[in-house]
Amino acid sequence: MQPAAPSLDARIPVHVLTGFLGSGKTTFLRHLLDEPSLADTAVIINEFGEVGLDHLLVREVSEDVVLLSSGCLCCAVRDDLISTLADLLAMARSGKVAPFRQVVIETTGLADPAPIIHAVMSAPELLHRCRVGSVVTTVDGVSGSNSIQNFAEAAQQVALADCVVITKAELVQPWQVDALKVEIARVNPSVRSLTSSKGAMAPARDVFGHGENPKHLGSGSVQGVHSHGIKTFTVEVLGEVEWSAFVEWLELLLAARGQSILRVKGLLPVKGDERPVVIHGVQHVVYPPEYLPRWPEGSPRGWLVFIARNLTRAAIENSLRSILATRS
């Protein structure tokens with residue numbers, strides 16, 4: 001597995017919008033779909049009845065796809081997510097539906113985002129057409145802290161997020177929003193947090209705009225711990241690594257501990273190249289790595305951010321050190 005050559009990635013980003021029951025995900029989705037910047041977006045949802053977009057429907061484009069007043073294509077998951085997405089891509093290629101620039105998958109309130117990311121990353125029919133975009137999680141400004149503390153699903157949704165949107169901010173005091181941000185940071189220290197209220201919704205460019213921008217991957221030795229056993233920690237990669245040795249180590253690690261490792265992402269200094277490599281893996285799958293044209297800031301320094309359950313930073317550091325030492 002070699003890093004992709006540096007270029008603009010023309011693949012379609014697939015974003016995941018998730019959030020615990022009652023977090024305002026549907027309201028926020030409606031707001032996003034009203035923005036002109038999302039007019040060339042395909043939205044995949046679980047059931048139209050759940051999401052409540054009937055008032056936005058304009059016409060049926062095909063048997064399973066409808067056109068929203070915003071210009072977005074919208075469909076429900078039929079057999080499974082991959083076949084639904086593949087069918088949308090096929091219809092766009094054949095001209096049955098208008099081309100779309102990005103996809104937003106809206107999940108149910110109890111969904112785990114990891115299998116969705118895993119499916120997009122591993123499906124052969126999607127690898128050359130799609131890439132994982134941002135995982136966005138809505139958190140209820142009123143009851144979000146209670147949900148995170150008492151429901152593993154809510155904690156998992158926050159742990160896997162690239163961006164968390166705190167909703168219903170108008171119903172609580174500013175200090176309560178600040179306290180919730182602290183709770184969110186305990187679960188996922190590297191996440192971007194946005195605040196959204198009825199009168200001031202977070203814009204789509206801030207929600208989805210960064211995607212997997214490595215500036216937001218986190219660095220240093222920050223660590224977050226949660227009562228459900230989910231930990232977020234950063235492993236520093238000291239010095240340049242031999243690419244083949246690192247790939248072998250990461251693939252073996254995910255094969256052995258994939259159920260424990262929810263997500264890994266980071267930047268890696270590779271011998272023989274001045275550019276950093278972006279690493280991204282979910283459970284048992286390693287996403288194809290890519291080059292960045294330059295290091296985001298300062299001198300080259302690598303790190304890997306792990307979101308894991310029942311796995312320690314020390315175990316990862318010892319494993320990485322022992323494997324790379326044998327190939328140095």
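Author: The model is a predicted one. In it, 4 aromatic pairs are counted.

Reader: By what quantities is a pair of aromatic rings described?

Author: In general, the distance of the centres and the angle of the planes describe such a pair. In this structure, the ring centres of F20 and F151 lie 5.0 Å apart with their planes at 35°, so the pair is tilted; stacked pairs would need planes under 30 degrees apart.

Reader: Which parts of the chain does the pair of F20 and F151 tie together?

Author: F20 belongs to the loop between β1 (12-19) and α1 (25-33), and F151 to the loop between α5 and α6, so the pair joins parts that are 131 residues apart in sequence.

Reader: Is F20 buried or exposed?

Author: F20 has 10% relative accessibility and therefore counts as buried, the cut-off being under 20%. F151, at 37%, counts as partly exposed.

Reader: What geometry does the pair of F233 and F306 have?

Author: That pair is stacked, with 5.7 Å from centre to centre and 15° between the planes. F233 lies in strand β11 (residues 230-237) and F306 in strand β16 (residues 302-309), so that distant parts of the chain, 73 residues apart, are linked. Both F233 and F306 are buried.

Reader: Let us turn to cavities. How many of 30 Å³ or more are there?

Author: The count is 3 cavities, and the largest cavity holds about 80 Å³ of space.

Reader: Which residues lie nearest the centre of the largest cavity?

Author: Of its 15 lining residues, F20, T138, V139, D140 and S147 lie nearest the centre. Two or more lining residues come from each of β7 (130-140), α5 (144-150) and α6 (152-159), and β7 gives the largest share, 4 residues. By class, the lining of the largest cavity has 6 nonpolar, 8 polar and 1 charged residues.

Reader: Finally, which residues of the largest nonpolar core touch the most other members?

Author: Within this core of 53 residues, they are I44, L88, F100, V103, V164 and I184. Helix α3 (residues 81-94) contributes the largest share, 7 residues. Leaving aside residues up to four places away in sequence, I44 touches C75, V77, L81, T84, L85, L88, V103, V104, I105 and E106. Another core, of 25 residues, lies apart from the largest one and includes F233, F246, V264 and L320.

Conventions
Residues numbered from 1 in each chain as written. Predicted model: local features only at pLDDT ≥ 70, side-chain atom pairs only at ≥ 80, totals over all residues. Heavy atoms only, no water. Core = buried A, V, L, I, M, F, W, Y, C linked by side-chain atoms within 4.5 Å. Buried < 20%, exposed > 50% of the residue type's maximum accessible area, 1.4 Å probe, protein only. Contact = heavy atoms within 4.5 Å. 1 Å grid on protein atoms, 1.4 Å probe; cavity = no way out; pocket = protein on both sides within 12 Å on 5 of 7 lines; lining within 4 Å. Points joined across faces, edges and corners; volume = space filled by probe spheres on them. Nonpolar A, V, L, I, M, F, W, Y, C, P; charged D, E, K, R; others polar. Phe/Tyr/Trp six-rings, centres within 6.5 Å; stacked < 30°, edge-to-face > 60°.
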